[in-house]
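Q: I would like to learn how to read buried polar side chains and nonpolar cores in a model; could we work through some cases together?

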Amino acid sequence: MKKLLSDWKGYLMSGISYMIPTVIGGAMIVGIPQLIGMIFGVNDLTKYKSAQGFFHILYQINQVGWIGIGLVNLVIAGYVAYAIGDKPALGAGFIGGQLASTINAGFLGALVAGFVAGYVARYCRKIKVGEAWKSAVPLLIVPLLTTGAVALVVGVILSGPLSWLNTTLVAWVKAMINNHTNGAIVALVLGAMIGTDLGGPINKAAWMVGNILFIEGIYGPALMTNIAICCIPLGYALATFIYPRKRFSDEMFMAGRNNLIMGSFGITEGAIPFFLTSPLKLLPVNMIGGALGAVTGELLGMQSHIPPLGGLPGIITADNKLAYIAGIAAGALFIGLVAPLVADFNVSSDEEESDISEDDIKIDIE
């Protein structure tokens with residue numbers, strides 16, 4: 001069972017890794033034309049759908065971005081299927097993802113479609129036929145069985161339950177975000193998740209929750225995760241300015257300064273070198289810092305009416321820019337002040353290898 005869960009996690013992470021460029025690319029191509037329009041006093045580009053000229057071009061570009069965001073379910077279902085059943089599962093996975101969008105089954109429906117297509121394609125490898133019929137298996141039988149299974153399971157059997165579940169979850173999230181107290185709870189959970197494994201499965205799960213809701217027009221959770229992602233690496237960068245130079249080894253000092261760039265563009269992996277010096281002590285610091293940043297922004301009323309950009313560029317797309325900045329500043333300042341108090345960053349990589357403390361984490365990569 002443990003191996004099965006590990007396999008499922010790997011398949012899901014594979015699908016998410018392919019989905020990330022789709023979400024980011026779509027969001028940027030949606031947001032940038034809208035920002036340009038806002039500079040010229042145009043807040044709604046749809047008014048120029050049938051017009052001519054500059055704003056019509058902005059509208060056309062904007063719509064391309066929305067197409068990209070609309071492909072999220074298709075991409076994640078296709079590549080979850082691909083991770084399980086290789087190329088024979090890809091087509092049925094794409095169809096299942098689009099089916100999930102069509103029947104309003106959302107992200108959960110896309111995942112179910114991906115797993116169904118992948119496992120049926122894997123099963124099809126066991127089909128034995130005569131030599132004369134071998135070419136028919138990948139061309140006819142596998143597409144028939146994989147797509148048929150997706151159609152039957154997602155399109156018929158689970159269509160109603162998945163649609164109801166997706167609709168209910170979306171309504172629940174909207175209600176939570178519209179209530180600032182409950183919104184703070186969402187921010188607390190998502191911000192803490194971002195700070196756990198710094199780019200690992202839990203971090204990506206929180207990011208995915210924020211960004212998958214783009215499709216439903218809910219942007220609050222994405223703002224929360226964007227703040228947490230920024231403030232953690234920026235916190236370690238800030239520490240190198242707050243504390244004396246002698247508190248950091250050469251490697252850690254340079255890693256901290258590099259985190260000015262990493263944090264500005266929302267790359268939490270920049271904090272990993274610091275985290276590995278004392279994981280058990282810094283894990284709660286990272287989680288509290290991420291949660292504090294997200295909650296601060298939420299309580300101060302951050303919101304966006306367009307898909308928010310990540311990192312510091314997200315300030316541009318945030319309606320309440322001061323709230324967004326304050327959230328990043330609060331989380332970064334907490335980490336910058338506290339992290340050097342609980343961990344020793346004046347340790348070279350050679351010393352780390354020879355002196356393993358009880359706080360070190362053993363990571364096995366198979």
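This is a predicted model: local features need pLDDT of at least 70, side-chain atom pairs count only at pLDDT 80 or more; totals for chains, interfaces and linings use all residues.

Q: Where does Asn226 lie, and which backbone atom does its side chain reach?

A: Asn226 belongs to helix H10, which covers residues 220-242, and its side chain reaches the backbone oxygen of Leu309 at 3.2 Å. Setting aside residues up to four places away in sequence, Asn226 touches Pro308, Leu309, Gly310 and Tyr324.

Q: Is Asn286 buried or exposed, and with which side chain does it make a polar contact?

A: Asn286, in helix H13 (residues 279-299), has 0% relative accessibility and so counts as buried. Its side chain makes a polar contact with the side chain of Tyr236 at 2.6 Å, and, leaving aside neighbours within four places in sequence, its contacts include Gly195, Leu198, Ile232 and Phe275.

Q: Which residues touch the most other members of the largest nonpolar core?

A: In soluble globular proteins, nonpolar side chains tend to be buried together. Here the largest nonpolar core has 82 residues, of which Met19, Tyr236 and Phe345 touch the most other members; helix H10 gives the most to this core, with 12 residues. Apart from it lies another core, of five residues, including Val42, Leu45, Phe55 and Tyr59.

Q: What does Phe345 touch, not counting residues up to four places away in sequence?

A: With those residues left out, Phe345 touches Tyr236 as well as others, among them Arg247, Phe248, Met252, Phe274 and Leu282.

Conventions:
Residues are numbered from 1 along each chain as its sequence is written. Side-chain values use heavy atoms; hydrogens and water are left out. Helices (H or I, at least four residues) and strands (E, at least two) are DSSP runs, numbered from the N terminus. A polar contact is a pair of N or O atoms within 3.5 Å; within protein, one must be able to donate a hydrogen and the other to accept it, and residues adjacent in sequence count only if both atoms are side-chain atoms. Contact means heavy atoms within 4.5 Å. Buried means under 20% relative accessible area, exposed over 50%, partly exposed in between (1.4 Å probe, protein chains only). A nonpolar core is a set of buried Ala, Val, Leu, Ile, Met, Phe, Trp, Tyr and Cys residues joined through side-chain atoms within 4.5 Å.
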